[in-house]
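Work through the exercises below with the sequence and the model side by side. Try each task before reading its solution.

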Amino acid sequence: MDLFATHEGQFSTREPTNCLPDKLPMFTAREAEIQKVISFLHDERKAVVSLHGGPGFGKTAIAVVVSHKLSEEHNIPVIFSHLSTATSVDEMILRLCRDVGVNHEDNPKSALILWLKNIKSKVIFVMDDIDNLLEGKTAFFAFVRLLRKNSSQHCQIVTTSRTSYEIPDLSTAKVQVSEMDDDSCISLLGEQCPEHKDDNNFLQTLANLCGKIPLAMCIAGSQVEDFENSDELLQHLKNQPMKTLRCPERDQYVNRAINISYEMLDNEHKETVVRLAVFDGSFDEDAARTVVDKENLHIKSILKNLVCRNLIKQLHKRRYSIHLLIKFFLRDELDRKKEGVRTEALMVGHYLKLSHDWIIMSYSKNGYKSNREALKKEAHNIHNVLKICCQHNDTTSDISNCLTTSNIYTTSARFFTIFVRTIIPEYIVDNFLQLCAKLAEERKQYAIKIEFKCLLAGRERCKSIGTAGEYFNMMETIKEEFQMHSQDLKDDKLLCAHYYYQYGRYLSRKSESCEFDKQRLELQINAREQFEKSLNLRNTSTETSVEKADKIFSLLNLGTIWKKIATGEYVREEREAAEKSKKIAQTFYEEALKLSQDDLGEHELTSACYKYLGDQFLTVRNNDKAEEMYTLAKEMRENLGLNVSEKHVFLLKNLGKCLTFCYRINEAIIHLETARETVEKLSDSDEPNACKATVYASLAIAHNWYNNSNDAVKYAKKALEFKQIDQVIKKYEMRELQQILLCQQRW
């Protein structure tokens with residue numbers, strides 16, 4: 001039986017797409033270091049190549065040139081990641097996911113590993129500026145080992161850092177980047193100041209005054225034309241004091257060059273470049289214009305001038321960054337001018353507004369994918385802004401005032417948490433929500449406080465599957481606060497609607513842990529009433545796309561609670577009531593789907609509506625309609641890049657079950673094998689879990705129906721390895737697994 005001829009096509013070899021910075025417009029020398037790195041990478045046994053050396057020595061420039069050579073001359077896919085702002089492995093993983101184009105919903109590390117496992121050719125990660133990560137090197141080393149292991153040794157890594165390192169059990173090559181030799185210095189400076197390219201004495205003197213450090217030479221070389229007599233530049237460099245106690249001597253060479261370049265700027269350029277130091281990573285022209293905060297400013301021409309002077313780098317057409325040493329110098333100037341706090345507040349306001357705008361536009365028709373991609377490009381800045389907000393505990397500070405006047409704080413927080421959950425580390429988002437709740441409490445903004453408390457409880461709900469004690473406590477506290485301030489809150493329809501919605505979800509979850517049928521039914525009816533109150537309020541305000549999305553969430557949860565009620569009625573043999581409840585559930589699902597199709601179009605929420613309706617059709621054994629809904633959900637999720645998650649695995653599993661019920665077993669097994677391979681690659685270990693167990697159970701049953709007893713027994717055993725299997729599959733499925741193993745024993 002060739003069940004897998006089609007299945008093999010599902011996992012064809014995937015060629016990764018390069019992720020590279022723009023080529024450097026002017027790069028010379030360092031050929032020896034470049035060739036050494038490439039030579040090491042030709043040896044498959046070399047897992048890691050460490051480019052290490054002092055700041056300003058050109059490590060990043062070498063890494064960029066190596067990346068383009070590998071891609072163009074050796075046809076090797078390269079993923080280049082700027083990691084200067086990553087302070088933990090979790091943050092690094094999110095950055096790598098963005099750079100390779102992986103969209104994850106559950107676990108970014110698992111999604112990245114799945115992407116890597118599906119690549120059969122050689123791929124090289126270039127991790128630029130990992131000094132922060134080396135402070136917790138044990139976790140970093142463990143993750144590098146994981147990348148290497150899951151790529152079947154096809155993955156190699158190039159890093160840049162100030163210090164060298166070795167990873168135990170992995171072959172690590174080291175390439176030291178030192179000061180340039182005399183010939184290289186003259187070559188580099190000849191490119192920077194072409195009018196003096198034949199004056200070796202001048203170039204050599206300038207190189208010596210710059211400590212033969214590339215960054216210092218680039219900055220100083222770009223200033224030559226500012227002096228009528230080039231010897232004046234040399235005299236300026238000689239007269240600059242070396243403050244040896246403040247930082248290492250090699251950094252002083254760069255600081256002298258920076259200072260001279262800075263002093264040659266006019267006031268407008270000085271004010272601009274100093275304020276740009278507020279950015280932690282890269283930034284675009286619009287962000288620069290906002291923090292400079294001047295009318296009639298020709299920001300494009302100013303940025304171009306600063307690039308020519310090597311004070312900032314142009315990464316892409318409209319994107320810039322600042323070298324760390326230059327940033328340190330400029331931040332000292334920013335503090336001296338006492339403009340740091342205001343500039344930071346301008347940056348915070350800019351990215352909070354951008355986030356709000358992208359969130360709102362993501363709920364416009366077919367606006368989900370493009371706006372999510374836009375937000376991902378600025379994820380490092382939004383991440384930084386949330387951290388800055390959390391660091392300002394003074395509720396009267398400019399930052400706090402900026403936050404509390406933002407739309408994120410006042411109106412769009414719940415959609416913000418949905419939108420950034422796969423882009424920003426969870427702990428950062430949790431800290432931000434806690435801060436907002438605290439600010440609202442201190443300002444006696446009870447509606448906003450309850451809104452953020454509900455969001456925190458909702459996030460705890462997602463984390464606490466099976467152990468919901470803390471979530472239950474949080475919701476009971478919110479209930480008390482809502483009742484305490486009910487008179488003040490009753491006119492805030494949106495807040496009341498959200499509270500009833502969250503409280504309904506709480507009661508629905510609570511009903512799942514009830515042992516007694518009567519108590520379970522009471523909780524489910526109460527939950528239904530909460531959802532109905534939420535929907536009634538949301539029906540009064542559905543003008544905007546996000547208000548319509550709110551209504552869709554209420555409709556889906558109403559459908560689900562009616563479905564649970566129907567299950568209880570069926571168990572109690574109240575067949576007529578159960579059939580009626582199922583029809584009501586279907587009505588709510590269909591209304592949610594129509595609203596989502598009409599107003600959101602191709603959207604994560606629309607795909608969820610297809611899935612919910614497919615599950616409903618599967619429950620009533622309308623298998624043709626179930627297959628239609630599941631297929632539409634699957635195609636939409638794949639188009640949106642949402643097919644690397646346990647959610648997608650459950651969708652494939654249900655599609656496989658549906659096809660099994662239609663006796664299209666071969667097709668069912670294809671989808672179930674895809675689900676199995678995905679969930680196994682997503683998993684960090686071979687340990688059983690709920691998602692794996694449900695897929696194994698469905699595979700066992702499909703193979704059993706196909707009379708393929710060996711595979712049926714194999715998957716039945718794997719499913720039963722999960723101790724809580726009876727809690728995650730249907731009773732009839734449990735009986736069939738037991739029957740499969742019983743038949744084997746008889747054989």
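Predicted model: local features only at pLDDT ≥ 70, side-chain atom pairs only at ≥ 80, totals over all residues.

Residues are numbered from 1 along each chain as its sequence is written, and side-chain values use heavy atoms, leaving out hydrogens and water.

**Exercise 1. Find the domains into which the chain is divided.**

Solution. Start with domain 1 (31–176) and domain 2 (182–337). Then mark domain 3 (340–453) and domain 4 (654–746). These bounds come from an automatic or database domain assignment.

**Exercise 2. Describe the interface of domain 2 and domain 3.**

Solution. Step one: the C-alpha centres of the two domains, domain 2 and domain 3, lie 34 Å apart. The contact (heavy atoms within 4.5 Å) takes 15 residues from domain 2 and 13 residues from domain 3.

Step two: take the area. About 1100 Å² is buried between domain 2 and domain 3, with 53% from carbon and sulfur atoms. Buried area is the accessible area (1.4 Å probe) that two parts lose on being put together, summed over both. On the side of domain 2, Val278, Thr290 and Arg319 lose the most area to domain 3, together 32% of what that side buries.

Step three: look for charged pairs. The rule finds two salt bridges across this interface of domain 2 and domain 3 (a side-chain nitrogen of Lys or Arg within 4 Å of a carboxyl oxygen of Asp or Glu). Separately, Asp293 and Arg342 meet through their side chains in a salt bridge, at 2.6 Å from N to O.

**Exercise 3. Which strands form the open sheet, and in what order?**

Solution. The order is β6-β8-β7, three strands with antiparallel pairing. β6 and β7 (313–316) stand at the edges with a single partner strand each, so one side of each is left without a neighbour in the sheet. Strands are DSSP runs (E, at least two residues; helices are H or I, at least four), numbered from the N terminus. Two strands pair if DSSP finds at least two bridges between them. Two bridges join β6 to β8 (residues 319–321). Asp284 stands opposite Arg319 in β8.

**Exercise 4. Where does Lys46 lie, and which residues does Lys46 touch?**

Solution. Lys46 lies in the loop between α2 (31–42) and β1 (48–53). Not counting residues up to four places away in sequence, Lys46 touches Phe40, Arg148, Gln156, Ser171 and Ala173. The C-alpha atoms of Lys46 and Thr172 are separated by 6.1 Å, although 126 residues apart along the chain.
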